[in-house]
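Keep the picture beside you as you read.

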Number of protein chains: 2
Amino acid sequence: MQRVALTGGAGFIGSALAERLAGDAELVVVDNFSTGRRAFVEQLLERPGVRLVEGDVLDMELLVEAFDGCDTVVHLAANADVRYGLERPEHDLVQNAISTSRVLEAMRMTGVRRIAFASTGSVYGEPELFPTPEACPFPVQTSLYATSKLAAEGLIASYCHGLGFTGVVFRFVSVLGERYTHGHLIDFYRALRRDPNRLQVLGNGRQAKSYLYVQDCVDGILTGIATRRDPGFAVYNLGTDETLLVDESVALVAAHLGVEPAVEYAGGRRGWPGDSPHILLDCTRIRALGWQPRVPIREAVSRTLAWFDENPDVIDEPAR
Amino acid sequence: MQRVALTGGAGFIGSALAERLAGDAELVVVDNFSTGRRAFVEQLLERPGVRLVEGDVLDMELLVEAFDGCDTVVHLAANADVRYGLERPEHDLVQNAISTSRVLEAMRMTGVRRIAFASTGSVYGEPELFPTPEACPFPVQTSLYATSKLAAEGLIASYCHGLGFTGVVFRFVSVLGERYTHGHLIDFYRALRRDPNRLQVLGNGRQAKSYLYVQDCVDGILTGIATRRDPGFAVYNLGTDETLLVDESVALVAAHLGVEPAVEYAGGRRGWPGDSPHILLDCTRIRALGWQPRVPIREAVSRTLAWFDENPDVIDEPAR
């Protein structure tokens with residue numbers, strides 16, 4: 001039986017992946033519960049072969065303890081918020097790049113040589129080519145978040161190149177579904193609960209973005225991990241072939257709540273500096289491995305909103 | 001008159017650039033003399049309008065003091081050795097990416113909004129396209145050094161995108177000429193002075209690389225800086241249209257010293273993990289601004305070797 005360590009294993013995507021892996025693999029969930037939640041892993045941790053190592057991915061001793069005896073590390077722990085980069089310089093670099101450096105070193109120290117990593121479609125900046133393939137023209141970065149994720153990709157690739165590691169990197173679009181606790185849908189939902197008559201929207205509402213349902217995302221990660229077993233480095237885009245306008249998201253949330261708000265736009269093509277107004281990834285490469293998304297974006301939105309209804313405690317807590 | 005701060009201003013390229021700028025601009029040379037040398041700037045510092053701020057680019061207070069009142073920062077200070085990345089994880093990230101983050105923050109704090117940055121052709125990894133243009137297919141990184149330089153590029157691009165900075169990034173090939181103190185030429189020269197009968201060469205000697213004479217490099221930097229004045233981000237390759245085999249470098253050094261060593265190859269296409277066996281950059285973009293290299297590679301090698309002859313103290317000191 002495999003043993004897999006999962007950093008960020010109590011998070012939105014991490015806990016969903018953990019539930020799918022448990023039973024097929026022994027699991028070590030690493031999380032500091034800064035974004036991840038105990039409620040997401042409580043049941044999981046009662047299953048045999050699942051263990052929690054609570055702490056930070058910057059803590060080398062903790063990583064070494066967690067990775068010892070593992071075959072694979074899935075490194076999902078990160079600062080996942082693209083929006084506040086310039087307000088917190090170094091934060092993204094430390095949380096996403098330095099942490100990945102330590103994950104890789106802890107792997108080297110414990111003899112674990114296979115890593116899967118959650119990167120982002122944001123590394124394409126504002127591409128000129130849509131859908132954007134992995135080998136598109138060398139992009140210009142537009143956010144500290146994407147810069148730090150790209151640095152983490154480069155660290156992993158360098159360990160593959162120099163030390164014979166196996167690295168599988170996934171460049172996600174934004175992920176939706178059960179346990180989604182952070183992003184525009186929850187922002188709109190919270191705001192409309194507070195005031196059903198008006199809604200402030202960042203940008204002009206015309207940003208067109210692809211989204212992916214969390215279980216499709218997990219399928220993609222599992223497909224990539226299962227396929228890449230030899231030493232080497234591979235990058236896979238993970239997204240759907242559709243996009244949704246921010247205005248359409250607003251309409252879906254409003255309809256779900258049965259409200260008709262006046263929408264006020266902050267204006268501009270972008271929601272914030274580093275926001276990419278058009279995200280659509282070419283997923284030919286991972287589709288060639290047999291993966292395809294099963295849940296359309298509108299259905300993914302709908303399931304996310306249903307989960308909000310069922311988890312008012314998450315909605316009522318302050319945004320973080 | 002402009003005021004320019006030059007990090008790494010006592011280094012190989014930095015001191016040459018400083019000498020060219022002095023007179024046209026007030027200069028603040030920032031250096032911690034870890035790689036840079038006092039001898040390279042002693043005369044320069046006697047000129048009016050040139051000031052030294054001694055210390056590390058990780059020291060924010062020092063940076064703020066140095067940048068205050070400047071128009072432009074030229075950020076050259078870095079760990080410039082691609083070779084030992086995997087032996088010193090985090091070193092490249094801290095020295096090249098975190099330091100650049102602090103340089104940018106110190107610029108923001110002092111209102112300096114224009115930065116030129118020394119990146120590297122190594123960010124192309126092992127490209128499939130030669131000569132390699134700036135917008136070649138999104139490369140896979142092969143070294144922690146290049147990963148950290150690419151991260152620094154991304155930080156600069158993000159400040160340009162989000163805060164209206166002006167950023168000019170130069171991706172150099174290896175630079176040769178007076179004050180070259182680090183690299184294969186000095187390694188060969190030292191080794192053959194020690195033992196003229198045999199020489200150990202990393203790799204198979206067939207690595208074909210482009211090199212650039214230091215004054216041509218400085219011309220390129222000055223051209224880029226002078227041309228890009230509006231907010232925005234630009235990347236320029238800087239190299240020659242020729243390559244030189246490692247074997248040819250060996251032959252030039254041996255002929256210069258009048259020795260005929262038996263060459264022993266460590267073997268393999270690469271000198272070390274992350275060494276790119278073929279480097280040739282497409283410099284159309286900077287040539288369109290009127291720049292062109294004036295000194296052919298063999299002449300650049302010859303001038304470097306002549307400088308070694310005139311500076312036996314540099315040759316006699318231990319490699320560092």
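## A strand covered on both faces

Strand β5(A) has cover on both of its faces: Arg114(A), Ala116(A), Ala118(A) and Thr120(A) are buried on one side, and Ile115(A), Phe117(A) and Ser119(A) are buried on the other. Before going further, keep in mind that this is a predicted model. Counting along the strand, 7 of the 7 residues of β5(A) are buried, so the strand is largely enclosed by the rest of the structure.

## How the strands line up

What order do the strands of the sheet in chain A follow? There are 7 of them, arranged as β3-β2-β1-β4-β5-β6-β11 in an open sheet with parallel pairing. At the edges stand β3 (50–54) and β11 (232–238) of chain A; each has a single partner strand, so one side of each has no neighbour in the sheet. Going from one strand to the next, the twist averages 20°.

Let's zoom in on the pairs. Strands β1 (residues 2–7) and β4 (residues 72–75) of chain A run parallel and share 4 bridges, with Val4(A) standing opposite Thr72(A) in β4(A). Then β4(A) is joined to β5(A), also in parallel, by 4 bridges; here Thr72(A) has Arg114(A) of β5(A) as its bridge partner. Next, β5(A) and β6(A) are paired in the parallel sense by 7 bridges. In that pairing, Phe117(A) has Val169(A) of β6(A) as a bridge partner, and Ala118(A) has Phe170(A) of β6(A).

## Helices against the sheet

Which strands does helix α5 (residues 144–163) of chain A lie across? They are β5 (114–120), β6 (166–172) and β11 of chain A, and the helix runs at about 155° to β5(A). Helix α7(A) packs on the sheet too, touching β4, β5, β6 and β11 of chain A, and its direction makes about 155° with that of β6(A).

## Two domains in chain A

Chain A splits into domain 1 (2–175 + 212–238) and domain 2 (177–209 + 242–278 + 292–316). Their C-alpha centres are 25 Å apart. Where they touch, domain 1 of chain A supplies 24 residues and domain 2 of chain A supplies 17.

On the domain 1 side of that contact, the elements giving two or more residues are α1 (12–21), β7 (174–176), β10 (211–213) and α7 (214–227) of chain A. So what kinds of residue make up this side of domain 1 of chain A? They divide into 13 nonpolar, 8 polar and 3 charged.

## Where the chains meet

## A look around chain B

Helix α1 (residues 12–21) of chain B is mostly covered, with 8 of its 10 residues buried. Among them are Phe12(B), Ile13(B), Leu17(B) and Leu21(B). Just after this helix, Gly23(B) takes a positive phi of about 105°.

Helix α7 (residues 214–227) of chain B has 14 residues and reaches 20 Å from its first C-alpha to its last, close to the 20 Å expected at 1.5 Å a residue. Of those 14 residues, 11 are buried, so α7(B) is largely enclosed by the rest of the structure. The buried ones include Val214(B), Cys217(B), Ile221(B) and Gly224(B).

Finally, find Gly290(B), in the loop between α9 (284–287) and α10 (297–310) of chain B. Is Gly290(B) buried or exposed? It has 10 C-beta neighbours inside 10 Å, so it counts as exposed. Its C-alpha is separated by 9.9 Å from that of Gly224(B), although Gly290(B) and Gly224(B) are 66 residues apart along the chain.

Technical notes:
Residues are numbered from 1 along each chain as its sequence is written. Chains are lettered from A and ligands numbered from 1 in the order in which they are written. This is a predicted model: local features need pLDDT of at least 70, side-chain atom pairs count only at pLDDT 80 or more; totals for chains, interfaces and linings use all residues. The expected span of a helix is 1.5 Å times one less than its number of residues. A residue is buried if 20 or more other C-beta atoms lie within 10 Å of its own, exposed if 12 or fewer, and partly exposed in between; C-beta atoms are placed from the backbone. Domain bounds come from an automatic or database domain assignment. Two residues are in contact if their C-beta atoms, placed from the backbone, lie within 7 Å. Ala, Val, Leu, Ile, Met, Phe, Trp, Tyr, Cys and Pro count as nonpolar, Asp, Glu, Lys and Arg as charged, and the others, Gly among them, as polar. Two strands pair if DSSP finds at least two bridges between them. Axes are lines fitted to C-alpha atoms, for helices over the stretch in contact, and angles run from 0 to 180 degrees between N-to-C directions.
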